Each structure stands twice: as C-alpha cells, then as structure tokens.
Amino acid sequence: MKKFFYLFACLLIMNIFPSAFAQQPTQSDFEAIHAEVGHMIERFERNVAYIGSKNSGETGKDTYIKSTLRLFIGDGKEYTDSYGNTWPAPHMQVSSTRTTTPINRTIPDYLNRLRGLTYAKVQITSADHYTLTNIYKVGDHYEAVATIYQKFCGYYSDGLRRYCDVTQKSIRVYIERITEYEGTRWKIRFGDIDVIDTQKQ
Amino acid sequence: MKRIYLLLILFIGLTPIHIHAQTLHAIIFAETDDENIGRTCEVDYQKMSIEMSMIATANHMSIKRYFYKDAASSAANMHNVLNNLTCGPRDIVIFYYTGHGARSPQEKTKFPQMCIDHSYLEWYPLYKVYTRIMEKKPQLCIVLGDLCNSIINGLPSKDMQISGECSKMSSQTESAYQSLFSKLTGGIIACSSEPGATSGCNLLEGGFFTSAFLKSLGNMVNGSATPNWNNLFNSVSSITTPRGQAPQFDVTVSTASASSNSYHQTSDDDNLVAALVKMSDSNPNTSERISLINSTKNRYFSSDAKVEIYGKNGTTLLDRMSVDDYLERVATAYKLINFTKLAAETNSSGKITKLKIHEIYKN
C-alpha cells in the first residue's frame, strides 16, 4: 500500500511541476547554444551597420529590420510568456557624449530612427570583439550576457566627421525550453540592451 | 601567315579550358534501422554528415554525397558505390561506416568486416573498401569504421589481396583542415576496436570511436594540436582505450604536390544547399541575395514549410521557423557560408514541408 502511495505521489508531483523534470541541457547543448548566441550577436552588429548605412538600399533595409527584430523576445514588441504574464517590449538604450543619461527606445523605434538619421554618411562598426558569459540558470530558464563595443561615426556631405563615439553595451540573452505543436526546442532571444559606457572618438 | 596566327589565337582563346575542381566524395553507410544500435547510428550519421560539409568547406572543395541509411544502407548499394565511383587525381574520398562489425578467426588484417547485410556472406571487409577506393587513385583516401571487431567463430574471411598500401571556420581552422585533407596524398584506414573486441556506443554520444574522432579532429582544427593524422588517432585512442576500446589505424600519407585551388568554382551536389549558399554571405551582392528569396521558396518549398536549425552535434534544436523567416535569415546572414541538410520531408509535389539544417559560419 505504501509503495502505491509513494508512486502516486511521484506521479502527482511530476504532473504539477513538469518543468522540474523537463530536459536539462547537456554539455553538448550548451556548446551548440553558446555558438548560436555568438552568431546572433555578429548578425545583430552587422544588421545595425547595414540599416544605418546611407549606401544600403531601402528595400534591403526593410528585410534587415524584420530579420533584426526576430532576434529579440516578442520580435521586439510587448509579449506574453507561457504563464500568461504580459511583459513590456525589450529596450535598446542609446547614448551620446552630449547627454549624461541614456535614453530607452523600443527596438522597432531604434531601428527606424537609425534608418532615418540625417547624416550624409553613417558608419557603424564593431570597435572590439564581443564577449559572452557562460550560460547560467535563472529560475526556469537560462541566461547569458554579451558585451559589444559599437563605434558610431556620422559625417557631413563634404566628408568631414560630424560625430563619433564608441559605446560599450550589454545584451541580455534569454534561453528557454519551449513546447510547440511540432515538439520541444530551445528558444534563444535577446532582451534589453543597456549602455555601460560611451566615449568620444 | 598573319591570318593563320590570328586563327590560331582565336582558336586558343575560344577553346574552353577545363579546370578540374577538387571534389570531396563523401560516403556514409549507417545502420540506422538496426533494432539495437540504430538510434546511436543515427547520432553518428547526423554528426558525420555535418563534418563532411565542414571538411569540404574548409578545403574549398566541391562535395558529392553518397549517404545511405535505414534500408538503403545495404550491401547492394555499397557495391554500386564502389563499382561506380570515379574520382580525379586531386579528389579526396572519405568513407565512413557505423553499424555492426565482426571478424573471422582467419581475418588477414586487423580491420573487421561490416555487417551490412542480413547474410554473413554479404558482410564486407573494411580493408577491401580501402583497397577498392585506393585503386581509383584519388589524391587522398580515408576509410573510417565505427563497428565491433569481435571474432565470430565460423565466419569466413573474405578473399582479398592485401596491397600493403594504403560541420565558426577561421583561417587557422581552414589551414588545419587543409593540412589533414587537401594537402595530403595517400591512404588512411581506421576502425574502432582491436581484433577480437567489441565497440561501444550510447544514445548521447553515438559510437564512442566516432565521438572521440570528431572531438580529436575538432581540437586539432581549432589549434589545440598540430594537425597530424597519427597524433589525431593517438588522441582518439587515449579517449577510447579507458573505455576498453583500442582503435586500429594505418596512416600512409605524404605531402601532395602544391596546387592552387583558389580559382575553383566549388559546388554542392544538393540543389537546395547550392541555392541557399547562393543566398548566404558567400555572395557579396546583398540586393541579389534578397531578390532570391521568393524564387528559392517557390522552387523548393511548400508555402507552409517549416525549417529547423540544429547545432553542430546534429541533435540540439536551436530554432524553428517558417520558411519565409528562414530565407530572410539566410539572405541577411553574416559569415554564413555553407549548410548541411540533415533531413527533409516532402509532399506529393516534391516540395519540402519540413527541413532540418545545420549552418556553417566562417570566423
């Protein structure tokens, strides 16, 4: 009788707390996820450069903006998690050497403003290689933090440099195991991007 | 006289000069439908499929795939492949088998037979694959087998002559791969265990030999060790021997004559992969990449197709998306240079409804 009770209790617990028995990532999973996050960071940096460049075609920019939004939780918009909670859209902090306080913008807003900058020429490059922490567990999901070094330069039509800075930014990366109609998989998306430091160049 | 010279110059100028592109002939036989080890063989199959693409990409080679799994992994298909294989003098042939193996008490070499068929009469010696391929005179021949080498009493040896011969791509990684493949000529054969011994596997790693081989190869091409086949197999041995498995290998290679392959137009024998490569970052024309989205989708995919992206291990599912989103991803990708198609489901019209893929990036 006791055995049946314990078995019943175990089955009950497994049904109430399925996440406790959800698949744990293996070392091989971690390595694959870590590599994918690296590709996403490089993709993001390159996309931002393309969207800001005055040499890029407008049709191409539409595709790049859509592709960039897909890197973020909720495709850059307000979203509802698997528990039914609604969360605000992730933000991108922007800064300049002219202001002391970074400004929060939603990702779509940031990208559209980037696209419409009034400089004659814009150059956005990576000032240094990104760094990425190990993946660590936070509650029922995993996170990592990436640090990027974004160099922004804007020029007048005569080629003279109007503004240039290097901003160190942190990117929150969210990794969770989700269940869809087709089956379970890892979902890796960016969250907030915050300014750490801005230096004039 | 001047007219003759002019005609001669025109003739030479208009005569097409065929530059033989170096080709990697990638042959995989995997016993994925075996009731005991089929699932681990599937793990090996996925991982080696990806590694073959990595090797071709790093060595700037065209790839021709001869991949056989499930019921297609048969003695008949193996005979067909070996009979019909043609390769140029600068081609590389890599043969890989994962499945059951055994040896006769009278086996002449240290390498076992592949239990590729239900009838033991059809079991095929690994060493015979090696000699058959070497007869085709490729630049480099590599034969790998992840299979048991245990003795079955009463199993006849198969008559044969012993010739005595025998999946983030930085420039350093490329150079290391080239040091192991396209810059060598000769032959290499290896199997997963010594005569009389079995070979182990599990669902997580696949075959222990394959897992150790890929790990050692990965360490080597990432700069942890000087690229060298003997060192590589010694590393494999150091991993598998504590697990009771001593791989056997013969390495007979030398440096190939210098040649430049920078002018080669590499190709992929898979039309879908070739189309994706055309859309990827290997194409510098961004507008052209984006313009290829619709035509690629209409040609290969159903309208509601889904694409799953896997990590280099072939098992970690990193993302799933609609084909529209995936093709936009490829067209706007950065440093994405090649793909390994792991599996594809098609509808009655031959259009892909579900695609499993691995992406190869350069550093």
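## Chain A: fold

Among contacts (heavy atoms within 4.5 Å) in chain A between residues at least 6 apart in sequence, 58% join residues at least 24 apart. This is a predicted model, where local features need pLDDT of at least 70, side-chain atom pairs count only at pLDDT 80 or more, and totals for chains, interfaces and linings use all residues. Residues are numbered from 1 along each chain as its sequence is written, chains are lettered from A and ligands numbered from 1 in the order in which they are written, and side-chain values use heavy atoms, with hydrogens and water left out.

Chain A holds 4 helices and 9 strands. Helices here are DSSP runs of H or I with at least four residues, strands are runs of E with at least two, and both are numbered from the N terminus. Read from the N terminus, the order is α-α-α-β-β-β-β-α-β-β-β-β-β. Chain A has 201 residues, and 42% of them are buried. Buried means under 20% relative accessible area, exposed means over 50%, and partly exposed lies in between (1.4 Å probe, protein chains only).

## Where A meets B

In the interface, 28 residues of chain A are in contact with 23 residues of chain B. Together the two chains bury about 2,400 Å², with 49% of it on carbon and sulfur atoms. Buried area is the accessible area (1.4 Å probe) that two parts lose on being put together, summed over both.

The chains share 9 salt bridges. Each is a side-chain nitrogen of Lys or Arg within 4 Å of a carboxyl oxygen of Asp or Glu. One salt bridge pairs A:Arg185 with B:Asp319, and their closest N and O atoms are 3.0 Å apart. On chain A, the elements that give two or more residues to the side touching chain B are α2 (27-52), α3 (58-69) and β9 (183-200). The most come from α2(A), with 12 residues.

## The nonpolar cores

A nonpolar core is a set of buried Ala, Val, Leu, Ile, Met, Phe, Trp, Tyr and Cys residues joined through side-chain atoms within 4.5 Å. The largest has 66 residues, of which A:Phe44, A:Phe190, B:Phe301 and B:Tyr326 touch the most other members. Its largest share, 9 residues, comes from α2(A). Apart from this core lies another of 45 residues, including B:Met61 and B:Phe209.

## A histidine in chain B

B:His358 sits in strand β15 (residues 352-361) of chain B. B:His358 counts as buried because its relative accessibility is 5%. Its side chain reaches the backbone oxygen of B:Gly311 at 3.4 Å.

Technical notes:
Polar contact = N/O pair within 3.5 Å; in protein donor to acceptor, adjacent residues only side chain to side chain.
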